[in-house]
Amino acid sequence: MTGQTYEDWPLTTLLDAVDRAAEDDTVELRDVLAEIGDRTITPVILVVALLLVSPLSGVPGVPTICAAVIIMLSLQGLAGRRLWLPRWMMRAEVKGHRLQQAVKWLRRPADWIDRNSHPRLQYLTRGPMRLLILAQCAVIPLGWPALELLPGVTSLAAATVGLFAFGLFARDGYFVIAGYIGMVAVPAGALALLNAAVL
């Protein structure tokens, strides 16, 4: 990746970095950051959201930790600050084999996304629109800790955050639009399921 900025990395390259961190038996968040770099916020939000889309969301505590990380990073992005996480977050850990399974699960969709994304509608990823996206990324995860027993719901919400983050990451407004659609569709679908269960 020499000579490239993080925006030039394909999504699969970010997964390669996570996979390298997963070679140890136990992986801490700081190990992942050491591989993908800790100078920019957007790719870290993207990776954390993607991991929650995978079966890793079923591991107790993971949705709550992911929510806390995404909220904190999104707020830092809004404030124009550099990436910083408290020590307890940096020490959050997961088994290496679970992380490898999550990366493997994400490979095929990541490859499809890389082949079908490129900079377009970039005004949706810049200036005030970027700040709006970061604000939404800070709000969406607020309910995840209460939804830990429903990992499918948190995965869908994390997919929305992932779409927003990837839109910023790849400067692709199409994925930002998909994020807005997901932001409406996920709560609507959850309410419909709840109503059906009650009736």
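This is a predicted model: local features need pLDDT of at least 70, side-chain atom pairs count only at pLDDT 80 or more; totals for chains, interfaces and linings use all residues.
Residues are numbered from 1 along each chain as its sequence is written, and side-chain values use heavy atoms, with hydrogens and water left out.

**View 1. The whole chain and its elements.**
The chain holds nine helices and two strands, where helices (H or I, at least four residues) and strands (E, at least two) are DSSP runs numbered from the N terminus. Read from the N terminus on, the order of the elements is α-β-α-α-α-α-β-α-α-α-α. Of the 199 residues in the chain, 45% are buried; buried means under 20% relative accessible area, exposed means over 50%, and partly exposed lies in between (1.4 Å probe, protein chains only). The chain exposes about 10,400 Å², and carbon and sulfur atoms supply 61% of this area, as given by the Shrake-Rupley method with a 1.4 Å probe, in which only the protein chains shown count as cover for residues. Among contacts between residues at least 6 apart in sequence, 74% join residues at least 24 apart, a contact being heavy atoms within 4.5 Å.

**View 2. Helix α4 against helix α7.**
Helix α4 (residues 62-79) and helix α7 (residues 127-139) pack at an angle of about 155°, and their axes are 8 Å apart. That angle makes α4 roughly antiparallel to α7, since angles under 35 degrees count as roughly parallel, over 145 as roughly antiparallel, 65 to 115 as roughly perpendicular and the rest as oblique. The axes are lines fitted to C-alpha atoms, for helices over the stretch in contact, and the angles run from 0 to 180 degrees between N-to-C directions. The crossing of α4 past α7 is left-handed, meaning that the near helix is turned anticlockwise from the far one by less than a right angle, while clockwise would be right-handed. On the α4 side the contact involves Ile70, Ile71, Ser74, Leu75, Gly77 and Leu78, and these meet Arg130, Leu131, Leu134, Ala135, Cys137 and Ala138 in α7. Sorted by class, the contact of α4 with α7 has nine nonpolar, two polar and one charged residues; here Ala, Val, Leu, Ile, Met, Phe, Trp, Tyr, Cys and Pro count as nonpolar, Asp, Glu, Lys and Arg as charged, and the others, Gly among them, as polar.

**View 3. Helix α1 and its packing on helix α3.**
Helix α1 (residues 11-21) packs with helix α3 (residues 42-53) at an angle of about 75°, their axes lying 11 Å apart, and the two helices are therefore roughly perpendicular to each other. Leu11, Leu14 and Val18 of α1 make this contact with Pro43, Leu46, Val47 and Leu50 of α3. By class, the contact of α1 with α3 has seven nonpolar, no polar and no charged residues. Eight of the eleven residues of α1 are buried, so this helix is largely enclosed by the rest of the structure; the buried residues are Leu11, Thr12, Thr13, Leu14, Leu15, Ala17, Val18 and Ala21.

Val48 has its place in helix α3 and counts as buried, at 8% relative accessibility. Leaving aside neighbours within four places in sequence, Val48 is in contact with Cys66, Val69 and Ile70. The C-alpha atoms of Val48 and Ala67 are separated by 8.8 Å, although these residues are 19 apart along the chain. Thr160 belongs to helix α8 and is buried too, with a relative accessible area of 4%. Not counting residues up to four places away in sequence, Thr160 touches Ile140, Gly179, Gly182, Met183 and Val186.

Pro145 sits in the loop between α7 and α8 and is partly exposed, with a relative accessible area of 40%. Beyond neighbours within four places in sequence, Pro145 is in contact with Thr64 and Ala67. Leu121, in the loop between α6 (96-115) and α7, has a positive phi of about 45° although it is not a glycine. Arg171, in the loop between α8 (151-170) and α9 (173-198), has a positive phi near 55° and is likewise a residue other than glycine.
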